[in-house]
Amino acid sequence: MDLGSLLRSAVSDFWFYIPAWLIMISVIVAVHEYGHFIVARWCGVAVKTFSVGFGRELIGFTDKLGTRWQISAIPLGGYVMYVDDADPSSFTANKKDGELPVGSYHGRPVWQRAAIAVAGPVANFLLAIAVFAILFMAYGERTAPVRITGFAEPFVGQKAGLMIGDKVLSIDGEPIEEAGEMQQIVATSSGRSLAIAVERSGQTVIVPVTPAVFEDTDLLGYRSQLGRVGVSLQSNQDEASVIYHGPLTALWLGAKKTQFIIGASARGMWDLVRGRMAISSLAGPTKMVEVAGKVASLGILEFIQLIAIISVGIGFFNLLPIPPLDGGHLLFYAWEAIRGKPVPEQAQEFAFRIGLSLVLMLVVVTTSVHGWQLLNRLGLFG
């Protein structure tokens with residue numbers, strides 16, 4: 001394929017990928033910010049602005065309570081600005097004559113400010129739970145017993161004591177009902193001991209296995225370090241079944257699936273800190289655009305599931321104790337609750353600047369890495 005064909009293909013993909021990404025990120029951001037908004041209203045806080053996106057307003061309206069609802073030009077997040085905020089970060093108060101206005105956010109008790117801060121990530125988790133629950137009710141839960149059928153490099157599972165014919169029951173107490181579930185847990189657990197429960201000759205046997213680290217290239221061409229135990233798995237289709245669940249059970253299963261994604265995100269973050277995962281494994285904006293487009297091209301159900309998964313990831317990321325993320329607010333509120341007085345404004349401003357620099361640096365690095373990989377896959381650099 002010549003350069004012209006590659007560029008035409010890239011432009012064609014662009015016009016499909018960008019709308020898919022905009023829909024996905026807008027839904028996730030709107031739900032996140034609505035979590036902050038609704039709890040703030042419950043706490044008697046006056047909201048000045050509800051924005052999906054940053055920068056210049058594109059369209060908007062003002063409701064009867066004075067909140068400006070708007071869509072802004074830069075679709076990389078959003079914010080809720082309260083009546084006494086000095087800026088959209090909500091770290092510093094805008095006081096007039098040294099006093100806070102009626103409906104003040106910064107004048108609310110620390111527990112209410114903490115509730116407002118955590119409400120955004122919680123809303124993301126609730127979105128995922130609701131999506132998964134609806135899918136469990138509408139399309140059912142497919143289960144098929146998973147058996148070990150062979151071994152491969154690096155033979156970690158075989159050396160640990162797993163045997164051909166073993167029926168995998170659970171990993172660290174988490175039931176395994178499909179081969180993909182075991183693969184997901186192992187992939188995000190490199191270097192960490194796992195207790196794999198198998199059924200062998202009618203008895204349950206617990207086999208401790210520590211997945212080896214290996215470099216993998218996914219369907220989109222991105223490299224990452226994942227865990228591998230070196231076993232071949234097969235779901236017994238003769239014993240496969242689809243179970244349709246009622247609302248309560250579906251909600252419970254949706255919550256369990258959301259919890260699993262949160263756990264996988266936490267393990268991945270810990271692996272990144274320990275150096276077991278490359279920075280290129282993180283999904284920057286360019287990768288998110290491509291993933292959204294690729295998954296949307298598979299079908300609406302796959303795209304809806306992706307929105308739920310990314311929503312969990314966004315919620316988890318925002319709970320990291322780094323200003324200006326929600327976790328940074330919670331860190332300061334914890335300090336205030338323990339010490340009985342807020343963190344000094346100068347210290348908050350310094351931490352905000354450092355945290356914002358870290359977040360921006362992460363965005364720039366991941367965007368650069370994934371952009372370079374994308375250009376390489378297009379063949380623009382040989």
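Guide: Let us start with Asp 172, which is partly exposed, as its relative accessible area is 43%. The model is a predicted one, and Asp 172 lies in the loop between E5 and strand E6 (174-175).

Visitor: What is the phi of Asp 172?
Guide: Asp 172 is not a glycine, and yet its phi is positive. The residue belongs to the loop that runs between E5 and strand E6 (174-175).

Visitor: Is Ser 90 buried or exposed?
Guide: Ser 90 also has a positive phi, about 65°, although it is not a glycine, and its place is in the loop between E2 and helix H2 (110-139). The relative accessible area of Ser 90 is 6%, and because buried means under 20%, Ser 90 counts as buried.

Visitor: How are the rings of Phe 37 and Phe 50 arranged?
Guide: A pair of aromatic rings is described by the distance of the centres and the angle of the planes. For Phe 37 and Phe 50 the centres are 5.9 Å apart and the planes stand at 85°. Planes over 60 degrees apart count as edge-to-face, so this pair is edge-to-face.

Visitor: Which parts of the chain does the pair of Phe 37 and Phe 50 tie together?
Guide: Phe 37 is buried with a relative accessible area of 4%, and Phe 50 is buried with 5%. The two residues are 13 apart in sequence, so the pair ties together helix H1 (residues 3-42), which holds Phe 37, and strand E1 (residues 47-62), which holds Phe 50.

Visitor: What kind of aromatic pair do Phe 54 and Tyr 79 form?
Guide: Phe 54 is in strand E1 and Tyr 79 in strand E2 (residues 68-82), so that the pair links distant parts of the chain, 25 residues apart. Phe 54 is partly exposed, at 32% relative accessible area, whereas Tyr 79, at 13%, counts as buried. With 5.9 Å from centre to centre and 15° between the planes, the pair is stacked.

Visitor: Which residue has its charged end over the ring of Phe 132?
Guide: The distance from the charged end to the centre of the Phe 132 ring is 4.8 Å. The residue that sits there is Lys 257.

Visitor: Which backbone nitrogen does the side chain of Asp 166 reach?
Guide: Asp 166 is found in the loop between helix H3 (156-160) and strand E5 (167-171), and it is buried, with a relative accessible area of 2%. Leaving aside residues up to four places away in sequence, it touches Val 146, Arg 147, Ile 148, Val 198, Glu 199 and Arg 200. At 2.8 Å, its side chain reaches the backbone nitrogen of Met 163.

Visitor: Where is the cis peptide bond that has omega about 10°?
Guide: Pro 324 is found in the loop between helix H7 (300-318) and H8. The cis bond with this omega joins Pro 323 and Pro 324.

Visitor: Which residue just after H8 takes a positive phi?
Guide: Helix H8 (residues 326-339) has 14 residues and reaches 20 Å from its first C-alpha to its last, close to the 20 Å expected. Its buried residues include His 329, Phe 332 and Tyr 333. Just after this helix, a positive phi of about 85° is taken by Gly 340.

Note on methods. Residues are numbered from 1 along each chain as its sequence is written. This is a predicted model: local features need pLDDT of at least 70, side-chain atom pairs count only at pLDDT 80 or more; totals for chains, interfaces and linings use all residues. Side-chain values use heavy atoms; hydrogens and water are left out. Helices (H or I, at least four residues) and strands (E, at least two) are DSSP runs, numbered from the N terminus. The expected span of a helix is 1.5 Å times one less than its number of residues. Buried means under 20% relative accessible area, exposed over 50%, partly exposed in between (1.4 Å probe, protein chains only). Rings of Phe, Tyr and Trp (its six-membered ring) pair if their centres lie within 6.5 Å; planes under 30 degrees apart count as stacked, over 60 as edge-to-face and the rest as tilted. A charge sits over a ring if NZ of Lys or CZ of Arg is within 6 Å of the ring centre and within 35 degrees of the ring normal. A polar contact is a pair of N or O atoms within 3.5 Å; within protein, one must be able to donate a hydrogen and the other to accept it, and residues adjacent in sequence count only if both atoms are side-chain atoms. Contact means heavy atoms within 4.5 Å.
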